Amino acid sequence: MACGLPIIISKECPTKEIIKEGVHGFVVDEMKPEGYAQKMKTILNDCAQYQEVSLECRKLAETYAWENQAREYLKIYEKLV
């Protein structure tokens, strides 16, 4: 994500909750190579979609930057004190 690459993960992946289908990439129902290959073909054959998804991946990755995570932890700690 940090490199702006569309994400293709299986539905068994624990981080699938943060990936919005068609926005950040794709969630594959099966853990078979054919499913991944189909999603790769889909994104690589549509240049406009690839660029949009790439930008959204980068934006999502930035929300998980260390600085942002530190701010979020600080907010939690301040609420607890």
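The legends below describe close-up views of a predicted model.

**View 1. The largest nonpolar core.**
Ten residues make up the largest nonpolar core: Ile7, Ile9, Cys13, Ile19, Phe26, Val27, Ile43, Val53, Cys57 and Leu60. Strand E1, strand E2 (25–28) and helix H2 (47–63) are the elements that give two or more residues to this core. The most comes from H2, which gives 3 residues. In soluble globular proteins, nonpolar side chains tend to be buried together.

**View 2. Isoleucine 43 and its contacts.**
Isoleucine 43 is one of the residues of the largest nonpolar core. Residues up to four places away in sequence are not counted here; beyond them, isoleucine 43 touches Pro6, Phe26, Gln49, Tyr50 and Val53. Phe26 and Val53 are also listed among the members of the largest nonpolar core.

Cysteine 13 is in no disulfide, and the nearest cysteine sulfur, that of cysteine 57, is 13 Å away. For cysteine 57, the closest cysteine sulfur is in cysteine 3, at 10 Å, which is too far for a bond. The cut-off for a disulfide is a pair of cysteine sulfur atoms within 2.5 Å. Cysteine 57 has 0% relative accessibility and so counts as buried. Both cysteine 13 and cysteine 57 belong to the largest nonpolar core.

**View 3. Serine 10 in strand E1.**
Serine 10 lies in strand E1, which covers residues 7–10. Its relative accessibility is 7%, so serine 10 counts as buried. With neighbours within four places in sequence left aside, the contacts of serine 10 are Lys16, Val27, Val28, Met31 and Tyr36.

**View 4. Lysine 16 in the loop between E1 and E2.**
The loop between E1 and E2 holds lysine 16. Lysine 16 counts as partly exposed because its relative accessibility is 29%. A salt bridge joins lysine 16 to glutamate 17, with the closest N and O atoms 3.4 Å apart. Glutamate 17, at 58% relative accessibility, counts as exposed. Leaving aside neighbours within four places in sequence, lysine 16 is in contact with Ile9, Ser10 and Lys11. The C-alpha atom of lysine 16 is separated by 22 Å from that of tyrosine 73, and the two residues are 57 residues apart along the chain.

Glutamate 56 is partly exposed, with a relative accessible area of 28%, and lysine 59 counts as partly exposed at 49% relative accessibility. Because glutamate 62 and arginine 58 are 4 residues apart in helix H2, about one helical turn separates them. Glutamate 62 has a relative accessible area of 40% and is partly exposed; arginine 58 is also partly exposed, with a relative accessible area of 36%.

**View 5. A nonpolar surface patch that includes isoleucine 76.**
Tyr73, Ile76, Tyr77, Leu80 and Val81 make a nonpolar surface patch of about 630 Å². Isoleucine 76 is placed in helix H3, residues 66–80. With 44% relative accessibility, isoleucine 76 counts as partly exposed. Tyr73, another member of the patch, is the residue whose C-alpha atom is separated by 22 Å from that of lysine 16.

**View 6. Methionine 40 in helix H1.**
Methionine 40 is found in helix H1, which covers residues 33–44. The relative accessible area of methionine 40 is 42%, so this residue is partly exposed. Between the C-alpha atoms of methionine 40 and isoleucine 18 the separation is 19 Å, and the two residues are 22 residues apart along the chain.

Key
Residues numbered from 1 in each chain as written. Predicted model: local features only at pLDDT ≥ 70, side-chain atom pairs only at ≥ 80, totals over all residues. Heavy atoms only, no water. Patch = residues over 30% accessible without salt bridge, like charges linked within 9 Å, V, L, I, M, F, W, Y side chains within 5 Å. Areas by Shrake-Rupley, 256 points an atom, 1.4 Å probe, with all protein chains shown as cover. Salt bridge = Lys/Arg side-chain N within 4 Å of Asp/Glu carboxyl O. Buried < 20%, exposed > 50% of the residue type's maximum accessible area, 1.4 Å probe, protein only. Contact = heavy atoms within 4.5 Å. Core = buried A, V, L, I, M, F, W, Y, C linked by side-chain atoms within 4.5 Å.
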